Structures are given as structure tokens and as C-alpha cells.
Amino acid sequence: MKICFFHLMPYRFLPEDFENRYRSVWVDVPHHLYDPEKTRGLYHEFLDELEFAEAQGFDGLCVNEHHNNAYGLMPSPNLMAAALTRRTSRAAVIVLGNSLAAYNPPLRVAEEFAMLDLLSRGRLVAGFPVGTSMDMNFAYGIDPTTLRDRYHEAHDLVIQAWTRPEVFAFNGKYTQVRYVNIWPQPLQKPHPPVWIPGGGSVETWEWTAKLDYVYCYLSYYGYKRGKATMDGFWEAIARVGADDNPYRAGFLQLVCVADTDAEAERLYFPHVHYFYQKCLNVWEGFAEAPGYRTVKTLQTGTKPQVGAQAKKIRQSLNWQKYLEQGYVIAGSPRTVREQLTDCIKSLRVGHLMVLLQIGSMPKELTLHNTALFARDVMPHVRDLWPGYKDRWWPSGVPNGA
Amino acid sequence: MIDDDRTLDIREGAVRFRVLSAGRGPHLVSFHSFHERGGWSPFLDRLAARYTVHAPFHPGVQGSSGVETLDDVLDLVLAYDELLDRLGIGAAHLIGHFFGGMVAAELAATLRQRAAKLVLVSPLGLWRDDAPSQDLLILPQEDLPAVLFRDPASEVARRWAAAPQTEEETLAAQIESIQRRASMAKFVWPIPDKGLQKRLHRITAPTLVLWGDADRANPVVYAEEWQRRVKGAALLLVPGGHMVLHEAPDTAAAAVMEFLGT
């Protein structure tokens, strides 16, 4: 079992009435709400928290990419990953990832990931998300109907740039390069392990399964709601005839650990509530540009993770409901251990990603949560998948794979 | 009343058009926009009294397909050129609303011989930083009537906004709406300025620019912009909102017929 510490790097200082006064935390969140003075040391706090996680024994550190977004101050996860490579030495550096279609040419991703792989001495996991509609269609202006096509072409280009032995020409529909020849090349061979963060698109499951990549479901709605998506992925795995190695899958879960269940509510509720009420407050019009999801996925009847309907559901939530519905696994170490075991087993995930810094949670509390998780929870779920080999773990991690 | 509802293939079926046709007289081709649901309207009925009206669905919308083979506005214009061949039409009166107006203008600017006369109803395709048109492609359903119609409480607006009854119908309607908007989005995303301003001077067909005086989706300042850029274009403001063809079909049809003649 691999356990990874995931950081979103949220802005922690949105006003109390944010979700009532402003329509969206993403895309057009007014930047007069951003106070540079308050955030002077924020990136260092975030990096401290990630580095602390390595010291506490987490297997991997995860960063990701968002744009125009007040809960994800990380338009360039590669910068954060680069900083991490200097102060860490044992954990996998998991970039989840670079939204390939946004880079022009996408070779930039091949180059920067190669640099990160070298900087980290082979500890890089290369994540390739399609990217959310908010990020790609609205913040970066990419046409929703060709986004996936661009993404697939960019993926092919990056993998070829990493693996083809010769200088070659790439005559794509979206990218044409006469001389593809990236320097440097990544350290890991044939290339860093590829993980695909997804939001539940039917096509992504099959594509990931066929290419033998890791599929990561980055849901904010917990393991109970995530079950249908992960089941869909495992069905796609069965369809392509691959084995059911749990390390094919990753899942993100929000977790809060305290000495007792009651203490967990006292310590963490305001920050969890900040996350669900403010950080996920996305205007319906931005939730999904027309054409972002394919008709095949729309026909499954699943709704976007954000937007009007999701907001309606979220508004009725209190601490008990966050817990009951599995959005957050929180409580005493014993409570968390039991539910987390259930999460890991029911979803069949070998790469668990935990979000321990949540919403407005300040550094001291984040470190507290991280330390308790590492001491009282992690050792108890470590050995849940004996006998399976993790073929998707970076080879440069000491005693890794 | 629609006389004919047929599909016509071009490029050996790579692009298929579903075309609704009615009436008799000179050919008139009508191009629809994002929020035209049925493809036919009382306004077109009135025109069909004097013209042979053809209303194709854009590729990707309802029975038309092949939008994935069209990469940009030029591809779309050429597909329509080939459709006119399939219909046996040399030149026709071209009329279009918003996105459809942009298509009609592009066609008239690129292939001048295709346009007899041109009617642009609140057309899309120009951009002014000081007066951006509404992002109609993404406005949530419940916000649309107030932007599209002069009076969102009017009978025509309420009929337009009526929701389906069952859950199944609701999902089907949502998917149809997303597909319809997506099929046009690819030609105008994220800003509907794809170089048309460089081509408008080429339009030689007599042109009428028609606008609802209370158009909240596409501000009336654009009407003047169009009139300035299309040589000799006439401008007519009629009482109505963005959906003026639905809100005032009699007035609009009378104005169009007067302009087109026979």
C-alpha cells in the first residue's frame, strides 16, 4: 500500500460571506479578494507541510494544477515539485499533473518532467490530466469539443519524445514540430510512471486501462460516492483483460485525525466547512462547457462535481453528514483506521492519496493532523495489499518499487 | 408547415445535413443559432409563403452530423457550399440569426456568388472589448429567458422555457442542448472573433441588418458596427429582444420580405 500526501494549496482567507456574495471560486473569482500580504509566506508553509509529510514517512507527495482558482494556488505544480526535490530525498514526487492540451507545444511538459525526474533522481510520477472544464475551457480558452483530441495527441507526442531513439518530425493536427529532440531526457526508463487523474469519464477508464497507466479518481465527495466511478474503472480493466492489481488505481480522500471523535469535530469542522461551502462554490455556467464531456459520458446521467446541483446538496451539509456520506473520514485514530480500511478495500486502491490540509486549515493544525495520521493510522493500513507488485512507482525512490 | 424533412450527404456521408424545407418561390436558406430548438418557426412559415425556405441544422445538431470533421469556420463554409450544390441551388437569399448570422455572413464574404441577398439578424462574429456579447453558450437554463427575450414572462418566452415532464425526457433534452451548443461552440470558442472583420468588405450582396431594439444578448452597438463594415447595409431595429424572430414574427417577416422583394 502506498500512502501519499496531497496538497491543493488553497487560499485560506476568503471572506465569511464568500459563497453568498460571489458566484464562483473558480474562473471569475474577483482578485480583489486576494491579499498578497496575507499570503507572503504561504507557499513556504505549504512546502513545509509537504516536507513534513516526507519526514513522517509518507510514500509520496502530490501536487496538481489549477488556474483562476482560489482553492488551488498552483497554476504551475512543476515549480512546487522542483522546490520539493531539493528538500526531500525519499518520497515520490507525484505531479498530478500537467494538463497536456494547455501547453504549446506540449513538448514543454516532456522537457520539464524530464528536468524534474533528474532533479529528484528518478522519483517523479508524471500525471497527465485532461484538465477540468474550468481550467482548460474557461481559464485557458481551449475549445471544449477538441480538448480531448488535443490531449491525446499531446500525450502521444510527449511519450514519443521520451522514448524514440532518433530525432523525429511530428506532424500532428494541433502541433507540428519538424525536429523533436528534447534535452534532457528523463532518468527513468523507458519513462517516468504515468498516472491519469480523472473525473469519471467513461473514455478515460478504457484509455488508461489499455495503456497500462494508473487511474486516479480525484473526487472531493469521498469514497462512498467514489465507488461507482472506481467500479466503472475496474470494469474497464476487466474488459481489456488486464489483471486487477490494486496499484492500478489511486483515490483521493479527505481525512481528519484527532484524539477523539468529538475533538475531530471541534478542530476540523470549520476548515472542512470552508472547503465545501467556499472552495467548491463554482457557478453553474462554468461547471462544464458544452462539449467538455462526451455524449457517451453524459448518457450515464452523472453530473459534474460542481455547479448548481452540487451546491444545493452541499448547502445542507453539517459535520454528521460530511461523515455519514463519507466526504470526510474523520475522528479518533480508531475510527479513521476502520473507515479508511473500508475505503481502500471497497475501491481497491493501492495508491491512496490523503488530503490532510483542508480548506482554511492553518499550518500547525495541518502538521498535527499529518503527525497523528502518520503515527496512528498509516501503519495499520500499510500492509493491505500483500502480494501485489507496484509496477507504477518511480524507480528512483529508495527501496521503492 | 414543413413540406420536407430530409437528410443530404456530402463527402460520401462524412458530413450529413438534415434540412427542413417549405414553400415555393426563390430559394432562401436560413441558418439557426444556439437556442433554436426545433429548427422551424412561425417566422419561417411566413417566409415560406413567398420563398422556398430551407433550414439546415448545423453539423452535430439533431439529425446533422460530421462536425468532428470540420475544424474551423472555413471548413463549415465549404460544407455549406457543398450542401447548396446538393440542393441544386446556385444563389439564394441567406438569412441567419446570431451564430447563423455569422455563418451567412462568412458564406456571403467567401463565396459571393452564393448570396442573392443577405439578412443578418443580431449576428455574432465581431467583438468589442467595451461591449462584449453575452456568453450565451454557457448561461444556465434558468438565466436564459431574461437575456434572450424582451419580456421573459411573455407567452413565447414561457413556451420556449417549458421544461420536459419526465426524468428521461429531461436527460435527453439536456444532452440535445449540450450537443447543439457544443457543435457551434467549436467555431466561436472562447471569443466569437475569428477574423470575420477582415472579410466583411468582400460582401457584395445587398444586406439587411435586423436587430431587436431590446437585445440584451448581443448589444445594439454591434448593429452599428455591422452596418459600418458591410458596404451599403441597411439597418432596421424592430421592437423585441434577442429572440426577435420568435417574439415578433409578423413584423420581422414583413421587414425581411420587403427587403428581399420577390
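**Helix packing and chain contact in a predicted two-chain model**

In helix H3 of chain A, the residues A:Asn78, A:Ala81, A:Ala82 and A:Thr85 meet A:Glu112, A:Leu116 and A:Leu119 of H4(A), two residues being in contact if their C-beta atoms, placed from the backbone, lie within 7 Å. By class, this contact of H3(A) with H4(A) has 4 nonpolar, 2 polar and 1 charged residues, where Ala, Val, Leu, Ile, Met, Phe, Trp, Tyr, Cys and Pro count as nonpolar, Asp, Glu, Lys and Arg as charged, and the others, Gly among them, as polar. The model is predicted, and local features need pLDDT of at least 70, side-chain atom pairs count only at pLDDT 80 or more, and totals for chains, interfaces and linings use all residues. Residues are numbered from 1 along each chain as its sequence is written, while chains are lettered from A and ligands numbered from 1 in the order in which they are written.

Helix H3 (residues 77-87) and helix H4 (residues 107-119) of chain A pack at an angle of about 15 degrees, with their axes 9 Å apart; axes are lines fitted to C-alpha atoms, for helices over the stretch in contact, and angles run from 0 to 180 degrees between N-to-C directions. H3(A) and H4(A) are therefore roughly parallel to each other (angles under 35 degrees count as roughly parallel, over 145 as roughly antiparallel, 65 to 115 as roughly perpendicular and the rest as oblique). Their crossing is left-handed, a term used if the near helix is turned anticlockwise from the far one by less than a right angle, with right-handed used if clockwise.

A second pair in chain A, helix H7 (residues 202-211) and helix H8 (residues 222-239), packs at an angle of about 45 degrees, with axes 9 Å apart, and H7(A) and H8(A) are therefore oblique to each other. H7(A) passes H8(A) in a right-handed crossing. Here A:Val202, A:Trp205, A:Glu206 and A:Ala209 of H7(A) meet A:Gly232, A:Phe233, A:Ala236 and A:Ile237 of H8(A), and the residues of this contact divide into 6 nonpolar, 1 polar and 1 charged.

Chain A as a whole comprises 15 helices and 11 strands, these being DSSP runs numbered from the N terminus (helices H or I, at least four residues; strands E, at least two). The radius of gyration of chain A is 20 Å, close to the 21 Å that the globule rule gives for 401 residues, so chain A is as compact as a globular protein of that length; this radius is taken over C-alpha atoms, and the rule is 2.2 Å times the number of residues to the power 0.38. Buried residues make up 52% of the 401 residues in chain A (buried if 20 or more other C-beta atoms lie within 10 Å of the residue's own, exposed if 12 or fewer, and partly exposed in between, with C-beta atoms placed from the backbone).

For chain B, the secondary structure comes to 9 helices and 8 strands, and 47% of its 262 residues count as buried. Its C-alpha atoms fill a box of roughly 45 × 40 × 35 Å along the principal axes.

The contact between the chains takes 15 residues from chain A and 14 residues from chain B. On the side of chain A that touches chain B, helix H10 (284-287) and helix H11 (295-298) each supply at least two residues, and by class this side has 6 nonpolar, 7 polar and 2 charged residues.
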